[in-house]
Amino acid sequence: MKQRGLKLFATAGILLTLALAGCGNKEVEKNDKVSAKPKEEQTLTVYSAGPDGLAANIQQAFEEKTGIKVEMFQGTTGKILSRLEAEKNNPVADVVVLASVASMDGLKETDQLQSYKDAEGAKKINSDWSNAEGYYYGYSASALGIAYNTKNTQQAPAEWADLAKAEWQNKINIPDPSLSGSAVDFLFGYTEAEKTAWTTMEKWKENGLQVNGANKEALDAVITGDKNATISGVDYMAYKAKADGEPVEIIYPKNGTVVSPRAVGILKDAKNVESAKAYVDFLLSDEGQKLVANAYLLPGNKDIPVKDRAALDEIPQLNVNWKGAEAKQLEVLTKFNDIFR
């Protein structure tokens, strides 16, 4: 089993040193159904790309609601894909949650997921972020903007090209796409949708753009003032830092940015299918979606209010087609490496 998702991150590593509260009796019947399963099916294994706090909150709420114990492994999308590959002859995970819908689509295309088309709440979830046959659902998303230090910035940038101006020289960074699935999504979406993207990136390099670790490391450099702005800053992280009192703000360039969906799916070799379906149902439920919103992410259900952040329809978006994106992302990573390494 050669997984394109793993191939992407592995190759990139080489190249880049690379609903339920209102459901009443129906819900009770469902929980009874799960509880009636043999004891060995009551421990569900979930591999999740976080965020850490959200993954823990969802685990706790799910366990309290269903009585199903969850064994959780948290890591980046790349680490999870690597683990799935290492366990290919002895699969362990039942549910996988990835920070990149392109990578999730890669799992689907390599026959590693099973369909759950009748998931509860599925009809409320953004269809543009989900597989029409029910192989995965985009339960949340982040938007990738420009996070900047409010103490060090006199005038906030308005366009991506603004960061090529002299006032930003040696003061900008970008997360390393070999470590950040969202950065890969940004590079893919930006270069697919904007003809001048590569020219703009070359100008960023001339202006001293630094490739600066994973998402947290890149944002921390802005919070501390070591850098003044992060390109492809993950918005929910910036909003949380702002809520914690840090001198950071995030803007979405007027010419558009990339919204990066995060997806959940059930693995084809899952041993605890009924419990896995219950987990997906919970994540798509109003209760699960409210936990998503509390983490400053965009909920997959647009009817769930966002928390202290821009709503999806307030964000200028680039038109990105995620179908088959994974293979194209490798080409983008190669070109990025040629420019910045």
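Tyr296 is buried, because its relative accessible area is 10%; buried means under 20% relative accessible area, exposed over 50%, and partly exposed in between, with a 1.4 Å probe and protein chains only. Tyr296 sits in the loop between helix H11 (286–294) and strand S11, where helices (H or I, at least four residues) and strands (E, at least two) are DSSP runs numbered from the N terminus. Although Tyr296 is not a glycine, its phi is positive, about 70°. The model is a predicted one, in which local features need pLDDT of at least 70 and side-chain atom pairs count only at pLDDT 80 or more, whereas totals for chains, interfaces and linings use all residues. Residues are numbered from 1 along each chain as its sequence is written, and side-chain values use heavy atoms, with hydrogens and water left out.

Tyr296 is also one of the contacts of Arg309, a residue of the loop between strand S11 (298–299) and helix H12. Arg309 counts as buried because its relative accessibility is 9%. Leaving aside neighbours within four places in sequence, Arg309 is in contact (heavy atoms within 4.5 Å) with residues including Asp235, Tyr236, Tyr239, Tyr252, Glu314 and Ile315. The side chains of Arg309 and Asp235 make a polar contact at 2.5 Å. A polar contact is a pair of N or O atoms within 3.5 Å; within protein, one must be able to donate a hydrogen and the other to accept it, and residues adjacent in sequence count only if both atoms are side-chain atoms.

After H9 comes Gly245, with a positive phi near 95°.

The loop between S5 and strand S6 (172–174) holds Asn170, a residue other than glycine with a positive phi, near 60°. Asn170 is partly exposed, with a relative accessible area of 48%. Lys171 is found in the loop between S5 and S6 and is partly exposed at 35%. Leaving aside neighbours within four places in sequence, Lys171 is in contact with Lys227, Asn228 and Ala229.

Trp204, Val96, Phe186 and Ile231 have the most contacts inside the largest nonpolar core, which has 96 residues. Such a core is a set of buried Ala, Val, Leu, Ile, Met, Phe, Trp, Tyr and Cys residues joined through side-chain atoms within 4.5 Å. Strand S5 (residues 137–149) gives the most to this core, with eight residues.

Helix H6 (residues 181–193) packs against helix H12 (residues 325–340) at an angle of about 90°, with the axes 9 Å apart. H6 and H12 are therefore roughly perpendicular to each other, a term for angles of 65 to 115 degrees. Val184, Leu187 and Phe188 are among the contributors from H6, and Val332, Leu333 and Phe336 are among those from H12.

How values were computed:
Axes fitted to C-alpha atoms, helices over the stretch in contact; angles between N-to-C directions. Parallel < 35°, antiparallel > 145°, perpendicular 65-115°, else oblique.
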